[in-house]
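Here are a few exercises to work through with the model open in your viewer. Try each task before you read its solution.

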Amino acid sequence: MPHPDEPSALAYTARRVRRHLRWARTEGIRRLVEEDRLDPVDRARTALAKWRWRRTHPGPPGRAVPVYLVGLQRSGTNMLTRGLDADPSVEVRNENDRVVFHRFRLRPDPVLTAVIRRSRHRYVLVKPLCDTHRVDELLDLSGVAPGRALWAYRDVDDRARSEVAKFGDANLRALRAIADGTIGDRWQGQRLDPSTRELVAGFDHDRMTPHTAAALFWYVRNSLFFSLGLADRPDTLLCSYDALVADPAGYTRRLCAFLDLPYDPVLHAHVGVRSPARPRLDIDPRVRALCTELTGRLDASAGRPEAVEHG
């Protein structure tokens, strides 16, 4: 039975089709194919490599370590997923995996636990972006090996630009629902403390632009990294998209050290070296100040060495 807050199957499918058409128009078909890993040759090659790994590493299931890739949509998580998927010892359960997810939300914990326990890979990478607010609970999930988490974040302007290009005013609508109390138990409003809800309600959402809303939503969701106590956990690595694209090899080595994976250049072969150079967006000054302060905190935490020494 669908949740009362969920759209019907027809409405949900129509919305996804419109989103993909808008994305294809703004970014091109090639980008859409790359974004959703639609190339059948690439997918077959990856599946074959993982099958060979299982054949050459026989062993009983139940030993896989769950790795939760979380953060905010349009923050480079697809790039990280594609890189880790290139390691055949990693089983990937992306957010469109219908076994683990229903409409991008995790199914009940026993389903996730069963998938992890029957894996014959070394790691099971799960990308529950809409359940990011639960990552502390997922790290302590019983019945499986202790998990690890990768929290991805990205420059607020680039993330807002990408968010609006693909999802339109979705963040604005979510913020308005948080402010007026109609958000219900939708993921956008989960585990927000009273001060954050008060902050969101203090803006005039009728006059707010989609880019300002995307920036404010960036602030709201990335603030959870600190309010959930993740900054002090050695089993969580804060991953900067901008640091990754500035130095793919160096950053991938850091990621491999955290996960105890052998470094291989293939893990970042798809990442082109670049640095953000596009002009800043016209964002409400109050929101800009909030995001600037949080960026400083995130960058400082992302550089801490103790997270990499986990393991």
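## Exercises on a predicted model

Helix α8 is followed by G181, whose phi is positive, near 85°. Keep in mind throughout that this is a predicted model.

**Exercise 1. Find the buried residues of helix α8, then say what covers them.**

Step 1. Select α8, which spans residues 170–180. Buried here means under 20% relative accessible area.

Step 2. The residues of α8 that pass this test are N171, L172, A174, L175, A177 and I178.

Step 3. Now look at what lies over them: the cover includes α7 (156–167), α9 (194–201) and α10 (210–222).

**Exercise 2. Describe how strand β6 is placed: which strands pair with β6, and which way do its residues point?**

Step 1. Start with β1 (residues 65–71): five bridges join β1 to β6, and the two run parallel. In this pairing, V70 stands opposite W151 of β6.

Step 2. Turn to β7 (residues 236–240), which is also joined to β6 by five bridges and runs parallel to it. Here W151 stands opposite L238.

Step 3. Sort the side chains. R148, L150 and A152 point one way, while A149, W151 and Y153 point the other way.

Step 4. Check burial: six of the six residues of β6 (residues 148–153) are buried, so by the under 20% cut-off the strand is mostly covered.

**Exercise 3. Locate the residues that touch the most other members of the largest nonpolar core.**

Step 1. The largest nonpolar core has 60 residues, and Y68, L112 and V135 touch the most other members. Helix α10 gives the largest share of this core, eight residues.

Step 2. Leaving aside residues up to four places away in sequence, V135 touches Y68, V70, A149, W151, L228 and L230.

**Exercise 4. Characterise the second largest pocket by volume, lining and residue type.**

Step 1. The second largest pocket holds about 260 Å³ of space. Its lining has 14 residues, of which D42, T46, R82, A86 and V266 are the closest to the centre.

Step 2. Assign the lining to helices: α3 (40–56) and α4 (77–85) each supply at least two residues. The largest share, five residues, comes from α3.

Step 3. Finally, sort the lining by type: five residues are nonpolar, three are polar and six are charged.

Technical notes: Residues are numbered from 1 along each chain as its sequence is written. This is a predicted model: local features need pLDDT of at least 70, side-chain atom pairs count only at pLDDT 80 or more; totals for chains, interfaces and linings use all residues. Side-chain values use heavy atoms; hydrogens and water are left out. Buried means under 20% relative accessible area, exposed over 50%, partly exposed in between (1.4 Å probe, protein chains only). Helices (H or I, at least four residues) and strands (E, at least two) are DSSP runs, numbered from the N terminus. Contact means heavy atoms within 4.5 Å. Two strands pair if DSSP finds at least two bridges between them. On a 1 Å grid over the protein atoms alone, a cavity is a set of points where a 1.4 Å probe fits but cannot get out, and a pocket is an open set with protein on both sides within 12 Å along at least five of seven lines; lining residues have an atom within 4 Å of a point. Grid points are joined across faces, edges and corners, and a volume is the space filled by probe spheres set on the points. Ala, Val, Leu, Ile, Met, Phe, Trp, Tyr, Cys and Pro count as nonpolar, Asp, Glu, Lys and Arg as charged, and the others, Gly among them, as polar. A nonpolar core is a set of buried Ala, Val, Leu, Ile, Met, Phe, Trp, Tyr and Cys residues joined through side-chain atoms within 4.5 Å.
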